[in-house]
Amino acid sequence: MTLFDAAPERSPVRRLSLVRLSAEIARSLTSIGKIAVEGEVHQPKARPNGRMYFTLKDRAAQVSVTVPAARTKRAWVVDGQRVQVTGVLSWDNSWGRMQLVADEVVPVGAGAVAAMIAEARSRLRADGLLDRPRRRLPRLPTSIGVVCGSEAAVRADIESVVAARFPGYPMVFREVTMTSSEAVMEGLRDLDLRSGVDVIILARGGGDATQLLPFSDEELCRAICATSTPVVAAIGHEGDRPLCDEVVDLRCGTPSLAAAAVVPDRDALLAELAASWTRAETAIVRRLDDAQHRLGAVDRDRAVTAGVERAADRLARSVGRLELVHPRRRLAPAATALASARREMDALSPVRVLERGYAVVRATDGAVLRSAADAATGQRVDVQLASGRLAATVEEVTP
């Protein structure tokens with residue numbers, strides 16, 4: 001290149017104010033969106049206003065992290081601990097630096113996760129939430145709420161159980177981001193406030209310890225205890241045991257098992273209803289037979305016999321009519337008819353006459369003596385009272 005060759009073109013220089021530069025940096029960082037990064041915690045510090053700061057370091061890089069006071073309950077910050085920080089990047093104008101604003105700080109590694117869960121468990125136990133009385137699940141819930149993710153498998157598993165046990169049973173699904181305990185809490189609270197939802201299922205497919213970690217969140221556990229609706233958990237697989245399993249009203253190994261625990265079995269309900277009705281019919285027939293046997297043991301005149309037979313006939317017709325009415329509408333009319341017939345039988349019964357001080361006198365052959373002239377001196381007679389009988393001898397006859 002000679003002195004007369006053209007110089008290479010340079011990009012035009014933009015002249016910016018600091019305010020404008022800061023705004024463009026902030027806008028660029030915002031466009032990155034929510035991120036999750038891993039590293040080691042160094043020099044954590046807490047401020048009087050509750051905010052927390054630390055440096056997240058890797059082998060060749062570092063970034064400043066700040067945890068807002070409202071998020072510190074979701075931050076496991078121990079010096080030297082390897083963690084995963086979830087949050088967004090922001091630009092601090094006053095210090096002229098970038099920082100990661102954390103939504104959540106969770107430990108990385110089974111040992112660290114177990115230690116964090118153990119701390120949360122001890123706080124829940126101290127507040128009596130692990131030993132609280134469990135709420136009974138309704139046998140026939142008006143509707144069943146389900147908090148689950150958008151993955152098709154979990155919802156399909158639950159719907160297949162519903163189709164097998166009670167097709168068309170009312171269900172309310174609330175699909176949320178299952179990797180966020182806050183999203184799960186929001187779905188839980190929404191269903192808890194819905195009229196008619198009598199039980200809630202928390203359902204999620206399997207995952208590793210980190211994926212299931214939101215269900216060991218202390219705030220979620222407290223939210224479960226605070227609901228007015230019983231909660232059933234079906235998180236992960238049979239061997240997975242997040243902390244929420246220890247506070248729910250029922251823990252199931254899979255979403256299918258959870259659905260089977262709360263969806264009633266239609267065929268079993270119908271069979272039970274039929275059995276109950278059969279027992280009721282049998283009891284009515286038995287009471288009728290007992291009443292007829294009692295009446296047969298009492299000697300009665302024609303008027304009494306006719307009245308009792310009419311009452312017995314009405315009872316028989318009442319029982320017969322029971323076969324033409326739906327089971328749920330049979331009992332009340334039958335009970336009313338039975339009570340009325342019983343009152344009439346009681347009114348006509350000679351026993352009631354005897355209870356007022358009268359007696360029935362019979363000869364030795366069983367014939368009822370209606371006149372003194374029917375007896376002779378020295379004759380043996382049987383005297384029936386309201387309670388018991390007497391054997392007597394006629395000493396004098398006065399016609």
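Val154, Asp157, Ile158, Val161 and Arg165 in helix α3 meet Pro255, Ser256, Ala259 and Ala260 in helix α7. Here a contact means heavy atoms within 4.5 Å. By class, this contact has six nonpolar, one polar and two charged residues. Ala, Val, Leu, Ile, Met, Phe, Trp, Tyr, Cys and Pro count as nonpolar; Asp, Glu, Lys and Arg count as charged; the others, Gly among them, count as polar. The model is predicted, so local features need pLDDT of at least 70 and side-chain atom pairs count only at pLDDT 80 or more, while totals for chains, interfaces and linings use all residues. Residues are numbered from 1 along each chain as its sequence is written, and side-chain values use heavy atoms, with hydrogens and water left out.

Helix α3 spans residues 152-165, and helix α7 spans residues 255-262. Their axes come within 8 Å and cross at roughly 35°. Axes are lines fitted to C-alpha atoms, for helices over the stretch in contact, and angles run from 0 to 180 degrees between N-to-C directions. The crossing of α3 and α7 is right-handed. A crossing is right-handed if the near helix is turned clockwise from the far one by less than a right angle, and left-handed if anticlockwise.

The secondary structure of the chain comes to 11 helices and 13 strands. Helices (H or I, at least four residues) and strands (E, at least two) are DSSP runs, numbered from the N terminus. Of the 399 residues in the chain, 36% are buried. Buried means under 20% relative accessible area, exposed means over 50%, and partly exposed lies in between (1.4 Å probe, protein chains only). Among contacts between residues at least 6 apart in sequence, 62% join residues at least 24 apart.

Five strands form an open sheet in the order β7-β6-β8-β9-β10, with parallel pairing. Two strands pair if DSSP finds at least two bridges between them. Strands of a sheet pair through backbone hydrogen bonds, either parallel or antiparallel. The edges are β7 (171-175) and β10 (250-251). Each has a single partner strand, so one side of each is left without a neighbour in the sheet. Helix α7 lies across β6 (143-148), β8, β9 and β10. It runs at about 170° to β8.

Strand β9 (residues 231-235) runs parallel to β8 (residues 197-204), and five bridges join the two. Ala203 has Ala234 in β9 as its bridge partner. Two bridges join β9 to β10, again in parallel. Val232 stands opposite Leu250 in β10. Five of the five residues of β9 are buried, so this strand is largely enclosed by the rest of the structure. In a regular strand the side chains alternate between the two faces of the sheet. In β9, Val231, Ala233 and Ile235 point one way, and Val232 and Ala234 point the other way.

A further open sheet has three strands in the order β11-β12-β13, with antiparallel pairing. Its edge strands are β11 (360-363) and β13 (389-393), and each pairs on one side only. The twist averages 30° from one strand to the next. Strand β12 (residues 380-384) pairs with β13 over five bridges. Arg380 stands opposite Thr393 in β13.

Gln99 lies in strand β5 (residues 97-107). Its relative accessibility is 9%, so Gln99 counts as buried. Gln99 touches Tyr53, Ser64, Thr66, Val88, Leu89, Ser90 and Asp92, not counting residues up to four places away in sequence. Leu89 also features in a second pair. The C-alpha atoms of Ser28 and Leu89 are separated by 9.5 Å, although these residues are 61 apart along the chain. Ser28 is found in helix α1 (residues 18-32). At 44% relative accessibility, Ser28 counts as partly exposed.

The structure holds zero disulfides. Cys221 is in no disulfide, and the nearest cysteine sulfur, that of Cys244, is 5.9 Å away. A disulfide is a pair of cysteine sulfur atoms within 2.5 Å. Cys221 has 0% relative accessibility and therefore counts as buried. Cys252 is buried too, with a relative accessible area of 8%.
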